[in-house]
Structures are given as structure tokens and as C-alpha cells.
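I opened this model to go through its strands, its rings and its backbone angles. My entries follow in the order I looked things up.

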Amino acid sequence: MKSAKNSVRIDKDTKEEIQGTELFIPYREKIKEDFAMVFQDKQSIERMFFDPDMTAETVRVFYFLVHRMDYENKLIIHQAAVARELRISPVSMSRIMKKLVDKFFIKKEVIGRSTIYTLDCEFVWRGSASNLRHTRSETRREAQSHAIQD
């Protein structure tokens, strides 16, 4: 909360009086650790935790992806590398990633030989609130245009 009051101060160099408004802006500590926002609305919670297809292993992989995503909710990662790191068989990893795509927790985009995964911004976000609003409106606009085409 900002507070202001009229004041007079003395310039240290010229020793003259300066009238003006003194503005106090409290210090807001910045989060320096790596973090992501997880939205806990009823629909998101039901999607993740009450769907019988969402096993503990699937949730574990999803949160691993959250940990690795960039500030646009995107990551380029090889399934085999994730499987090795999490000690999951490559076949299980492939099934889990397909499930996450089918359940709309992640979007898969193949560009050349690279696969880009984008995590659902309605469920999780890393980045600024203004970028979240922008990305959500873009995503909704995209979904509406696909619905109109179908």
C-alpha cells in the first residue's frame, strides 16, 4: 500500500528547501526461487485427482514436466530422457505422455525432429500474470476457432 504526505526536505548539495510530496512504497520481496503457479479451482482438481486414468505415476511425470517448463509453459524434452531420470520404462513413459495429451494437460507439437510440449495454462503457469492473461485469451480464441471449424 502506497502512502503520501506533503513535506519539505533540504537538498544535501545545494542546501535549498525542496517542497513536494513524500511517497512511501513498502518493499515487496521478489521470489527468487524457481516456482510455478498451480490453479486449484474445482475443475482443475477434479481433472487431475479424481480421474481414474490419472495414476500417481502420471501425476509424478506431469509435475516433473512442470519443474522443467520455461516461462511460456513450454519444454523440449525427449521422453526417453525423462523415463531414465524418473526410472520409468520407455513404454510406460510413452503411455503416460499420450494420456497427458489426450486429457489436455499438455499439448504436443512436432516441428521437424523436435517435439515441443506446452503445459495447460488453465492448470499451471510459470511467468507473469499479464502473460498468463494474454496466453489464456489466445488459447481460448484458438479453441473457439477450432470449435467453429468442426
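**Entry 1: positive phi**

I began in the loop between helix H3 (79–86) and H4, where Arg-87 has its place. Helices here are DSSP runs of H or I with at least four residues, strands are runs of E with at least two, and both are numbered from the N terminus. The model is predicted: local features need pLDDT of at least 70, side-chain atom pairs count only at pLDDT 80 or more, and totals for chains, interfaces and linings use all residues. Residues are numbered from 1 along each chain as its sequence is written, and side-chain values use heavy atoms, with hydrogens and water left out.

I read phi of Arg-87 as near 60°, a positive value in a residue other than glycine. Is Arg-87 buried or exposed? Arg-87 is exposed, at 77% relative accessible area. My cut-offs are under 20% relative accessible area for buried, over 50% for exposed and partly exposed in between, with a 1.4 Å probe and protein chains only.

Phe-104 also went on my list, with a positive phi of about 65° although it is not a glycine. I found Phe-104 in the loop between H4 and E5. Its relative accessibility is 63%, so Phe-104 counts as exposed.

**Entry 2: the whole chain**

I counted five helices and seven strands. From the N terminus on, I noted the order β-β-β-α-α-β-α-α-β-β-β-α. Of the 150 residues in the chain, 27% are buried.

I then checked contacts (heavy atoms within 4.5 Å). Among those with a separation of 6 or more, 56% come from residues 24 or more positions apart.

**Entry 3: a three-stranded sheet**

I looked up an open sheet of three strands, ordered E4-E6-E5, with antiparallel pairing. Which strands stand at the edges? They are E4 (74–76) and E5 (106–111); each has a single partner strand, so one side of each is left without a neighbour in the sheet. Neighbouring strands are turned by 25° against each other on average, direction ignored. For that angle, axes are lines fitted to C-alpha atoms (for helices over the stretch in contact), and angles run from 0 to 180 degrees between N-to-C directions.

Two strands pair if DSSP finds at least two bridges between them. I found three bridges joining E4 to E6 (residues 114–119). In that pairing, Ile-76 stands opposite Ile-116, and Leu-75 stands opposite Tyr-117. E5 and E6 pair over six bridges, again antiparallel. Val-110 has Thr-115 in E6 as its bridge partner. E5 and E6 form a hairpin with two residues between them. In its turn, Gly-112 has a positive phi of about 65°.

**Entry 4: aromatic rings**

How many aromatic pairs does the structure hold? I noted four. My rule pairs rings of Phe, Tyr and Trp (its six-membered ring) if their centres lie within 6.5 Å; planes under 30 degrees apart count as stacked, over 60 as edge-to-face and the rest as tilted.

For Phe-62 and Tyr-63, the ring centres are 5.4 Å apart and the planes stand at 85°, so the pair is edge-to-face. Phe-62 is buried at 1% relative accessible area, whereas Tyr-63 is partly exposed at 31%. For Phe-62 and Phe-105, I noted centres 5.5 Å apart and planes at 65°, so that pair is edge-to-face. Phe-62 lies in helix H2 (residues 56–68) and Phe-105 in the loop between helix H4 (90–102) and E5, so the pair ties together parts 43 residues apart in sequence. Phe-62 and Phe-105 are both buried. Phe-62, Tyr-63, Phe-105 and Phe-123 form one aromatic cluster.

**Entry 5: charges over rings**

I count a charge over a ring if NZ of Lys or CZ of Arg is within 6 Å of the ring centre and within 35 degrees of the ring normal. Arg-47 lies over the face of Phe-105, 4.2 Å from the ring centre. The charged end of Arg-126 sits over the ring of Tyr-71, at 5.9 Å from its centre.

**Entry 6: Ser-44**

Last, I looked up Ser-44 in helix H1 (residues 42–49). Ser-44 is buried, with 4% relative accessible area. Leaving aside neighbours within four places in sequence, Ser-44 is in contact with Phe-39, Glu-122 and Phe-123.
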